[in-house]
Structures are given as C-alpha cells and as structure tokens.
Amino acid sequence: MNGNGEGPREPYCEYCRWFAGEDPARLRKKTQEAETFFRRTGITFNVYGQEEAAERLIPFDIVPHIISDREWARLARGIEQRVRAINAFLHDIYHRQEILLAGRIPVDLISNNEAWLPQMVGVSPPGGIYTHIVGVDIVRTGENEFFVLEDNARTPSGVSYMLENRETMLHMFPGLFSRIKVREVSDYPKKLRRSLAACAPAGAADPPVVAVLTPGIHNSAYFEHSFLADQMGVELVEGHDLSVVEGRIAMRTTQGFTPIDVLYRRIDDDYLDPLCFNPDSMLGVPGIMDAYRAGNITIANAPGAGISDDKAIYSYMPEIVEFYTGEKAILSNVPTWRCSDADALAYVLEHLGELVVKEVHGSGGYGMLVGPAASKKEIAAFAAKLKARPANYIAQPTLALSTVPILTRSGLAPRHVDLRPFVLASPSRIDITPGGLTRVALKAGSLVVNSSQGGGTKDTWVLEE
Amino acid sequence: MRLRITHRTEYAYDGPLAYALQELRLRPKSSHGQNVISWSTTVDGGSKELEFHDQHNNHVELISFNPGGRAISVLSAGEVETSDTAGLFGRHGGYAPLWYFNRITDRTRPGPHTRKIVKALGQEFADDISRLHALSAAIARQVSYLPGVTDATTLAEEALEAGKGVCQDHAHIFIAAARLMGFPARYVSGYLMMDDRPEQEASHAWAEAHIDALGWVGFDISNGISPDERYVRVATGLDYGEAAPVSGITRGTNAESMIVTLQVQQ
C-alpha cells in the first residue's frame with residue numbers, strides 16, 4: 001500500500017480514510033463472516049496430495065487489491081498486445097512456422113516439445129482464435145512496472161473466485177461501494193458466453209449452442225466448471241454425455257441429441273479424445289478431434305494452445321510479441337535462465353539460493369524451488385534433480401515485489417500478491433475484465449501465492465475514473 | 001498407366017457392437033505422379049460421419065458402426081492415372097515441417113539391431129541416394145518376406161531381430177535406420193499392381209526418405225525397387241499408426257475377424 005514510505009499509494013487513499021473510521025473488531029468479525037458466506041456457496045478447493053483436507057476453503061482477506069484506472073489502462077494494453085501475439089504465434093507454429101524460419105526462436109524448442117500437437121498442423125480454428133480464455137499472471141515491482149509471470153493459455157482457472165470474492169465484498173460492505181466507485185466484474189459469465197458464441201463454426205445454430213466439458217466431480221476445479229455453466233445458462237457435460245452424431249458432437253438431452261457448436265472444455269489435451277490422443281482416456285470424447293478438424297465444432301481453448309505458455313517458450317515472449325505485432329512488449333518478462341543451456345545451468349546451480357526454479361511444464365507451484373526460502377538440504381536435493389534433467393527446468397530471479405496490505409490480528413500488514421486478469425478473445429475483440437483474481441502470500445515475506453501452497457485471495461478493484 | 005482399384009474390408013464380430021468409430025485413410029491423394037480420376041467409399045452396416053485432411057494431408061473419413069450390428073463392410077474403389085517418376089516424389093510440401101519426419105515413434109525406435117545395420121553400411125557411397133538404396137537392400141537381405149510372423153503392432157527393432165516380416169516391417173526398419181542416419185523419413189501405405197495377377201494379398205507399404213538434393217524419394221524395400229507407375233500412394237505418416245487404412249475404437253464386443261479383398265488392375 002505504501003509506494004515509497006510516504007503514506008498510502010494514491011489508489012488506496014479513499015479506502016484508507018474509510019478504514020480509519022471503522023472499528024477493527026468489527027472488521028475482524030467480517031473476515032469470519034466471509035468464510036461462512038463462502039462455505040454456504042460451496043466454493044471450496046481440492047488440494048492435490050492432501051487427502052485429509054480434500055475440500056478446503058481458500059483463505060480470504062477483506063482488504064481489496066486496488067488498481068487505479070490509469071494503471072489498469074496500461075496493464076490492459078499490455079495484456080491485449082500479448083494475447084494478440086500469442087494467437088498469431090499459435091497460428092504460425094501450426095502453419096508456415098515463419099518464426100522458426102526467421103531464426104527468432106530455436107527449432108528444438110518446438111520440435112522436442114510435447115505441447116506442440118502434430119494433429120493441429122494445418123488446422124485453422126473458427127475466427128482464427130486459439131486462446132479464447134487466457135489468465136495472465138502479473139506482478140508489480142514498482143510504479144508502472146509490471147512483469148508477466150505466466151501466460152496460462154490452456155485452461156486458466158480461478159475466475160469463479162474473482163466473482164465470488166466481489167459478491168462477498170458487496171454483501172459485507174455495501175456502503176463502501178457507494179463511497180468508492182469500483183468497476184464491475186459480475187458480467188463476466190455473460191461476456192464469456194457471448195465471446196464463446198462469437199467463435200462458433202460456420203453452420204452453427206443461432207444462437208450457437210455452448211456447453212462446458214468437465215472431467216467430473218473429482219477434479220479440483222469442478223466447482224468452477226459447474227458454477228460457470230450455471231452462470232452462463234449452458235449445459236455442464238462430461239465425456240460420456242457426448243457422442244458423434246451426423247458428424248457433429250452432440251449431447252444427450254431429454255429431447256434427444258443436441259449438437260454442440262462451442263465446447264468450453266476443462267480437460268487437458270491429452271485426455272480430450274482417446275481416438276486421437278491418449279487411448280486410455282475415459283474422460284474425453286472419441287472423435288471430437290475429427291469433428292473439430294472437419295470444422296464442425298469449436299473447442300475452447302484450442303488443442304495445442306499449450307505450446308504458447310510453456311515455460312521455455314515464455315522466455316522468448318518479448319521476441320514473439322515483437323515478431324507478430326512489430327511493437328516492443330509493453331509488459332516485461334522476468335529474466336529467465338533455460339537450464340537446457342549448459343552455461344545457464346552452471347549459473348543456476350551456483351546461485352540456487354537466490355533463484356526460483358520451476359518445471360517447464362509444471363503449474364500450481366508444484367515441483368518448484370524458492371531459493372531464498374529453502375533449506376540447505378532442500379537446495380542440495382533440488383540440485384540433484386536439476387542435474388538429472390536440466391531441460392525440464394527454468395530459473396528466474398526473485399523479484400522485489402511490491403506489497404499490498406492484508407488484515408492481520410495486529411492490524412494491516414504488507415504481503416506479496418500476484419494478479420490474474422481474465423481475458424476473452426473472439427474474432428472481433430479482446431475483452432479484459434477489469435480486475436481479476438488476486439492471490440496473496442499469507443506468510444510474511446513469502447513469495448508463493450499458489451492456493452495449493454497456502455496462499456489466499458482478495459477482491460481486486462479497478463477504480464472508475 | 002490407369003489403375004482400377006477395388007478394396008473391400010469386411011469385419012465380423014462375435015456379439016452386437018455397442019459403439020464403434022473408425023477412421024479410414026483409404027482415399028488416394030492426387031499428387032506428384034498420380035491423378036485420382038474417380039474415387040468412392042461405400043459403407044455397409046455403418047454411416048459416414050465426416051471427413052477432413054490430417055497433418056499429412058491424408059484424406060480421412062470417420063465412420064460409425066450401426067449400434068447392435070455384428071458386421072460392417074467398407075468398399076473403397078476408384079481409378080487413378082499414374083506415371084513413372086523414378087521414385088522421386090519432389091520437394092517437401094504441406095504444413096508439417098520436415099523436422100517432424102525425424103521424430104522417433106514407438107514402432108520406429110532404433111535399438112542395437114538398427115544401429116548395427118546402419119554401421120555395417122559404412123560410409124563409402126557416392127551420394128545419399130546410393131547409401132539409402134544400400135540400406136534398403138541390406139534390410140531385404142536380413143529380413144526375409146514372410147507373412148504371419150509379425151502384426152500391425154510389431155516394432156522395427158523386433159522384426160529386425162526376428163529376421164522375418166512383411167512390407168510394413170521393412171518400411172518401419174528403413175524409417176528407423178534412415179532417421180538414425182539423419183534423413184527425414186515417412187511411411188507410405190498404398191497399392192501395388194503385381195504384374196502377374198489382379199488379386200492382391202493385401203495393401204502395400206513402403207517408405208520415403210528426404211534427401212536435400214532430390215526431395216522425397218520412395219523405397220519399396222520388399223521389392224527392392226523405387227516405386228514406379230504400378231504404385232498408388234494412399235496415405236503417409238511417421239509410421240503405420242498415422243497412415244493406417246483403418247483405425248479406431250470398438251466397444252461392446254471382443255473378437256473380430258477381418259477379410260480384405262483387393263484388386264488392382266489396368
């Protein structure tokens with residue numbers, strides 16, 4: 001909240017005046033109230049590898065993460081530029097591969113990459129959109145200095161928390177929202193449905209039939225799948241509900257088979273179609289990739305979109321943005337050492353204590369090393385893993401992240417956060433919901449915000465001008 | 001040469017099928033050295049769902065079997081005008097990048113036997129094409145043509161070790177070795193008109209390797225020649241799996257019998 005130690009940053013001024021007039025005991029009680037509210041909604045989170053705590057609430061902090069209109073405008077420009085570049089990159093990498101021919105990124109990075117799907121070669125999805133929904137993870141290190149941590153171009157989750165966090169805040173502090181004008185996020189499901197429908201294939205119904213495909217109730221994000229289907233007013237389906245009927249993917253309903261035009265799938269590529277990918281998958285739909293390649297259905301996000309958010313590709317994002325947009329990237333990239341490179345590996349091994357090391361295909365904060373927070377033993381164990389499979393890792397410096405306040409027992413205290421704004425791409429526009437999911441490290445000084453690693457969330461406010 | 005092809009595949013099942021989807025890669029592509037004059041696929045006991053072109057520009061038709069059925073037959077027939085291009089297929093085209101054809105697949109993973117056959121070739125060759133012809137001849141010498149020993153899942157290395165196999169195994173071994181030698185290589189499934197008879201035992205398979213100076217060049221290892229005007233290319237892939245005439249899933253019954261009748265004639 002404090003920009004440079006001289007009082008709160010400008011966007012927080014009005015909130016701080018309000019906060020000063022509140023009774024601290026009442027605010028602490030509100031935190032408990034929020035928890036009850038979340039339990040009632042049923043918004044819980046399954047943590048992989050923690051059987052006993054299968055359904056847990058993500059801790060919620062009642063102090064919002066506040067962003068000024070001006071800051072947001074810059075962020076939004078940067079995100080839009082990045083999402084356009086990602087879609088251009090995906091089209092290129094599955095067609096002429098100009099970026100490889102131009103030598104701007106090494107061929108090995110694609111040719112040895114499992115996220116590059118040969119089955120997508122020559123496929124042009126309706127409207128040229130590959131990433132219908134993107135969740136770009138962003139951190140701030142200073143005034144107007146934003147870094148992208150990850151692009152999350154496969155199936156970014158967390159949007160239900162963005163919506164529930166706001167609803168909870170509106171419910172608990174109605175007066176606050178009439179005092180401070182905050183831009184709305186509640187129309188996200190409506191926009192999502194509109195954006196997906198705008199990507200329907202030729203010959204779709206009017207309006208196009210949209211559905212959400214979930215792996216089922218055992219998936220950690222099942223709540224979000226059913227929540228989004230419900231909020232959009234569309235069917236939530238599982239693989240066994242769908243089959244190929246007259247060349248299209250249709251769902252069984254009480255009225256017979258209804259063909260689906262746009263499928264928002266929350267299943268990984270590998271499980272999508274046993275005919276085309278993993279033959280053992282029981283979650284997918286046999287033949288859906290064929291229907292897709294015949295142009296009979298839109299799959300969001302496109303299969304193979306993951307090649308753009310691979311952590312090794314990430315390190316080339318500044319080049320990718322420049323190659324396809326002709327502009328310098330507005331948002332910065334965190335400097336990244338690719339451990340496949342011998343010099344980089346040597347440097348990383350020397351400096352493990354200062355670096356964050358991540359798996360190239362990892363997510364959710366699993367399998368990563370945060371050097372400054374790790375013990376000597378942990379570092380030694382990680383060094384062994386790194387030496388065994390260097391190409392599996394990238395390393396980044398720990399950034400001097402700015403902090404935002406959270407409410408603790410002893411009052412407000414600074415904590416590190418990241419922000420995941422949600423981006424909707426359709427042929428005519430790129431729409432970024434003002435705000436997003438703010439994740440916060442609850443331990444003082446911690447840099448790990450992942451909910452699977454004990455992080456919490458807060459409401460994100462973009463102020464109206 | 002104008003070739004008339006009739007290819008019928010009949011499946012019979014022990015019990016009623018609950019659900020089955022099959023991808024057919026049976027339609028020849030018009031390309032260098034061949035022009036498809038007419039072609040049709042007829043399905044009895046199922047329906048055509050859709051068609052598309054895959055990453056190798058193979059024409060793929062997806063068919064579903066009638067639920068509860070016990071038999072299905074697929075008739076693929078047409079006429080193709082061919083010419084002799086001395087096995088040369090020309091420059092690489094399409095969106096699948098050349099480096100893709102260096103990928104190792106399960107069926108074409110090189111092992112000690114593949115490495116041995118490559119090493120035994122030596123380096124004494126005037127050019128790439130003579131090296132690859134020598135490879136083809138070495139494979140034909142070491143792996144005698146004998147149907148019934150191997151099947152569609154046999155690996156190149158296994159067939160090489162066994163010393164017996166069919167055209168599919170020859171092609172896989174050639175592909176594995178050629179990639180090991182640094183050449184992009186691919187599997188070709190198609191038809192060959194045997195000179196002495198119209199009835200053919202099965203559809204044929206051979207391999208193509210990419211040589212910088214010449215582009216794609218075909219090698220029919222089993223017959224020791226490069227394809228001429230008696231050959232019709234139908235589908236290509238990294239190995240049999242990507243070029244299989246029929247592949248898919250069936251649910252609800254176990255055993256099946258398959259009868260293929262194939263005629264190729266002028």
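Keep in mind as you look around that the model is predicted.

**Chain A as a whole**

Let's begin with the overall picture. Chain A contains 15 helices and 22 strands. Its radius of gyration is 22 Å, close to the 23 Å that the globule rule gives for 465 residues, so chain A is as compact as a globular protein of that length. If you follow the C-alpha trace of chain A along its principal axes, it spans about 65 × 60 × 50 Å. Of the 465 residues in this chain, 44% count as buried.

**The nonpolar core**

In soluble globular proteins, nonpolar side chains tend to be buried together. Here, the largest nonpolar core has 182 residues. The residues with the most contacts inside this core come from both chains: A:Ala211, A:Ile249, A:Val262, A:Leu263, B:Phe174 and B:Ala207. Helix 3 of chain A, residues 69–93, gives the most to the core, with nine residues.

Leaving aside neighbours within four places in sequence, A:Leu263 is in contact with several residues, including A:Ala211, A:Ile249 and A:Ile297.

On the helix 3 side, the contact involves residues including A:Gln81, A:Ala85 and A:Phe89, while helix 13 of chain A contributes A:Ile320, A:Val321, A:Tyr324 and A:Thr325.

**Strands side by side**

Strands of a sheet pair through backbone hydrogen bonds, either parallel or antiparallel. One open sheet in chain A has four strands in the order 13-16-14-15, with antiparallel pairing. Strand 13 (337–338) and strand 15 (369–370) of chain A stand at the edges with a single partner strand each, so one side of each is left without a neighbour in the sheet.

Now move to chain B. Is strand 13 of chain B, residues 215–219, largely enclosed or largely open? Four of its five residues are buried, so strand 13 of chain B is largely enclosed by the rest of the structure. A hairpin through three residues joins strand 12 of chain B to strand 13 of chain B.

| Strand pair | Bridges |
|---|---|
| Strand 13 and strand 16 (residues 393–397) of chain A | two bridges |
| Strand 7 (residues 88–90) and strand 13 of chain B | two bridges |
| Strand 12 (residues 204–211) and strand 13 of chain B | five bridges |

A:Trp337 has A:Ala395 in strand 16 of chain A as its bridge partner. In strand 13 of chain B, B:Val217 is the bridge partner of B:Leu88, and B:Gly218 is the bridge partner of B:Glu208.

**Where the chains touch**

Finally, look between the chains. In this region, 17 residues of chain B are in contact with 20 residues of chain A. On the side of chain B that touches chain A, strand 2 (19–27), strand 4 (46–53), strand 5 (59–65) and strand 15 (246–251) of chain B each supply at least two residues. Strand 4 of chain B gives the most to that side, with four residues.

Definitions and conventions. Residues numbered from 1 in each chain as written. Chains lettered and ligands numbered in written order. Predicted model: local features only at pLDDT ≥ 70, side-chain atom pairs only at ≥ 80, totals over all residues. Rg over C-alpha atoms; globule rule 2.2 N^0.38 Å. Buried ≥ 20, exposed ≤ 12 C-beta atoms within 10 Å, placed from the backbone. Pairing = 2+ DSSP bridges. Core = buried A, V, L, I, M, F, W, Y, C linked by C-beta atoms within 7 Å. Contact = placed C-beta atoms within 7 Å.
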